[in-house]
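Please brief me on this chain. Keep it short and grouped by topic.

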Amino acid sequence: MEYCSMPTLEGSVENIVFRNEDNHYTVARFRPNDSGRLFRDDLMTIVGMLPGVHVGELLSVEGEWEKDPKYGRQLHVTSFVQRLPASVEGITRYLSSGLIKGIGPKKAKVIVEQFGLQSLAIMEQQPERLSEVKGISARDREQIIKTLAEQSEIKELHLFLQTHNVSMNIATRIYKQYGKESIKVIRENPYQLAQDVHGIGFRIADDIAVKLGLPSDSVPRLATGLKYVLAQAANDDGHCFLPEGELLTRAATILQTPYDALPAAMEQLRSERDVFIEAPLPAQQAPRPATGDEEYPIDWSEVEEAEPQQRVYFGPFWYAEQGSARLLRILLHSSSSLPPASQQLWDTVFTRLAQNGKMQLTEKQCEAVQTAYSKKVSILTGGPGTGKSTSIRALLMLLRKRNIDVALAAPTGRAAKRLSEATGAQGTAFQAKTLHRLLEYSPHDNTFQRNEENPLPYQFVIVDEFSMVDILLFYHLLKALPKEAHLLLVGDADQLPSVGPGNVLRDLLRSEAIPSVRLMELFRQAKQSKIIV
C-alpha cells in the first residue's frame with residue numbers, strides 16, 4: 001500500500017459503507033467542498049477511526065492518501081473535526097442516517113419541516129418541544145434525548161483529547177471503557193488508563209499526562225511507572241520479581257525522577273496489593289579460590305558481599321507463583337484415579353514392550369515410566385537424544401492398554417506436532433495439542449475456558465518441551481487439572497528458559513519437591529542406526 005502527503009479537506013459525509021462498532025473503524029464516502037474536489041460532483045473514500053460520525057455531518061479531515069491494491073485511492077484519516085449540518089437538506093439526511101433508533105426519513109422530514117434550520121439546536125437544548133411535532137411519540141423523544149446525549153459525550157471526549165494531540169484510536173478505546181466518565185477519569189488520573197484500557201500502557205498514559213500538564217513526581221505516575229518496570233522486566237528478561245534496589249534504580253532512570261521519591265509510590269502499591277514484597281532469598285556462599293597460588297592474593301575479609309534485598313513482585317506473577325505452589329501441593333497429596341500396578345505387572349509390561357513393541361528400555365527409562373505412573377506429579381528431564389520420547393511412548397502404550405484418558409500437550413504448535421510424531425500419536429485421539437488449545441484459550445477476552453470450575457476431562461496429562469512454559473501458563477494448567485489426575489512434565493532444563501516470566505522447570509528441579517528422573521545416556525545416532533529414540 002502506497003502513502004502520499006497529508007492534506008486537509010472539508011466536506012460532508014454522504015454514505016457510511018462500513019463501520020466496526022467495536023473499534024469504530026469506518027469506511028465512508030465523502031463529498032469535498034468545491035476547493036477540495038478533483039472533479040465536479042466528485043465523491044471520495046475516507047477510512048479510519050471515525051467514532052460518532054454520521055451521514056450528513058460536515059467534517060474537516062486530515063490524513064494521508066493511500067493507494068489500496070483492491071479499493072484504489074482513499075484518504076486514511078488521522079484527525080478530524082465534526083460540525084453539524086447547516087442546511088435543511090443536510091439536517092434531514094443527518095437525522096435519517098440511522099443515528100437515532102426509530103427515526104427514519106419520514107420522521108426526520110416532519111421534524112425539519114417543523115423547526116427548519118433550528119431543528120438540531122432545539123432537539124439538543126429544548127427537547128420537550130418535540131411534542132409539537134405530529135407523529136413523534138413520547139418514546140421517540142426519549143430515544144432522541146438519549147442518543148444526542150451519548151453523541152455529545154463522544155464528541156466532547158474527542159475534542160478534549162484532540163486538543164492534547166491524542167489519537168482517535170486511543171480516544172475510542174477510552175470511551176468504550178469509561179463512557180461519560182472518560183474526561184473525569186483522565187483529568188483525575190490518566191495513569192488509570194494503563195490499568196483499565198487494553199492496549200494503553202504506561203508510555204501512552206504518561207504521554208497523555210504530560211500533555212495535560214500533570215506533575216512528573218506525582219504518586220500515580222511513579223506508582224504506574226514502577227509497575228511498568230516490573231512488567232518490562234518480566235516481558236524482556238523473564239523475571240517474576242526484581243530486587244528492591246534494582247527496581248528503584250531502573251525506575252528512577254526510566255521515570256527521570258529522584259530515587260528517594262519512589263518509596264512512597266512503592267508503599268501505595270503494596271497497600272493496594274498491586275505489588276508484593278517478599279523477604280530476600282537465602283544468601284548463597286560463592287566459592288572462593290584457594291589461597292597461595294594467586295599472583296596477587298585476595299584478602300577476602302575485606303571484600304564486602306552484596307546485601308540480600310527484598311524481592312518485589314508484580315501482582316499477577318506473585319499470584320501465579322503462590323497459586324502454582326499451592327495447587328502443586330494439593331495435586332501431590334491427592335489420591336490417584338489410576339489402578340495400582342505391582343512390580344510383577346511392571347516386569348511383564350517391560351518384557352512385552354521389548355518383544356512386541358521392540359523397545360528395549362534402559363533402567364533409567366523404566367524408572368521414568370514407573371515414576372510417572374506411580375507419582376501424581378513427576379518430571380522427566382535430559383538432553384537431546386537421551387530417550388525422553390521413547391519413555392513417553394512406552395508410558396502411552398501402558399496408559400492406552402489400561403483405558404486411561406490421557407492428553408499430550410506442548411507450548412507451541414511445532415512442539416506439539418513433533419511430540420505426536422515421536423510418540424506415534426499423529427492422527428489418533430491422543431494427538432498432541434498446544435497448551436492454549438488444550439485449555440481452550442479464548443483470545444477475545446484473554447481467558448481460559450478450562451479452569452477449577454471446568455476442569456480437563458483427563459486422568460493423565462503429559463507436557464513436553466516444558467522448559468518453554470512460563471509461570472502464568474503453568475498456573476492456568478494447574479487450575480484446570482482435576483485433583484485426581486497425574487501430571488508428567490518433560491523437558492531439558494539446560495535449554496533456554498521460557499520467553500515469558502519465570503524459569504519453572506529449572507526451579508522445580510532445584511526445589512527437589514517433585515519426583516524427577518534425569519536421563520543421561522545418549523541414544524540418538526545417525527539415521528541408519530537401528531536404535532529407537
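**Strand 15 and its partners**

Strand 11 (residues 406-410) and strand 15 run parallel and are joined by 4 bridges. Two strands pair if DSSP finds at least two bridges between them. The model is predicted: local features need pLDDT of at least 70, side-chain atom pairs count only at pLDDT 80 or more, and totals for chains, interfaces and linings use all residues. Residues are numbered from 1 along each chain as its sequence is written, and side-chain values use heavy atoms, with hydrogens and water left out.

- Ala407 stands opposite Val461 in strand 15.
- Strand 15 also runs parallel to strand 16 (residues 486-491), again through 4 bridges.
- His486 in strand 16 is the bridge partner of Phe460.
- Strand 15 (residues 460-463) is covered on both faces. Phe460 and Ile462 are buried on one side, Val461 and Val463 on the other.
- Buried means under 20% relative accessible area (1.4 Å probe, protein chains only).
- In a regular strand the side chains alternate between the two faces of the sheet.

**Whole chain**

- The chain has 19 helices and 17 strands. These are DSSP runs, numbered from the N terminus: helices are H or I with at least four residues, strands are E with at least two.
- Of the 533 residues, 44% are buried.
- Among contacts with a separation of 6 or more, 65% join residues 24 or more positions apart. Contact means heavy atoms within 4.5 Å.

- Three strands form an open sheet in the order 7-9-8, with antiparallel pairing.
- Strand 7 (241-243) and strand 8 (275-278) are the edge strands, each pairing on one side only.
- Strand 8 pairs with strand 9 (residues 311-314) over 4 bridges.
- Ile277 stands opposite Val312 in strand 9.
- Helix 9 (residues 219-237) packs on the sheet and touches strand 7, strand 8 and strand 9. Its direction makes about 90° with that of strand 9.
- Helix 12 (residues 315-333) also packs on the sheet, touching strand 8 and strand 9. Its direction makes about 100° with that of strand 9.

**Helix 1 against helix 2**

- The axes of helix 1 (residues 88-95) and helix 2 (residues 105-115) come within 8 Å and cross at roughly 145°. Axes are lines fitted to C-alpha atoms, for helices over the stretch in contact, and angles run from 0 to 180 degrees between N-to-C directions.
- Val88, Ile91, Thr92 and Leu95 in helix 1 meet Ala108, Lys109, Ile111 and Val112 in helix 2.

Note on methods: Buried means under 20% relative accessible area, exposed over 50%, partly exposed in between (1.4 Å probe, protein chains only).
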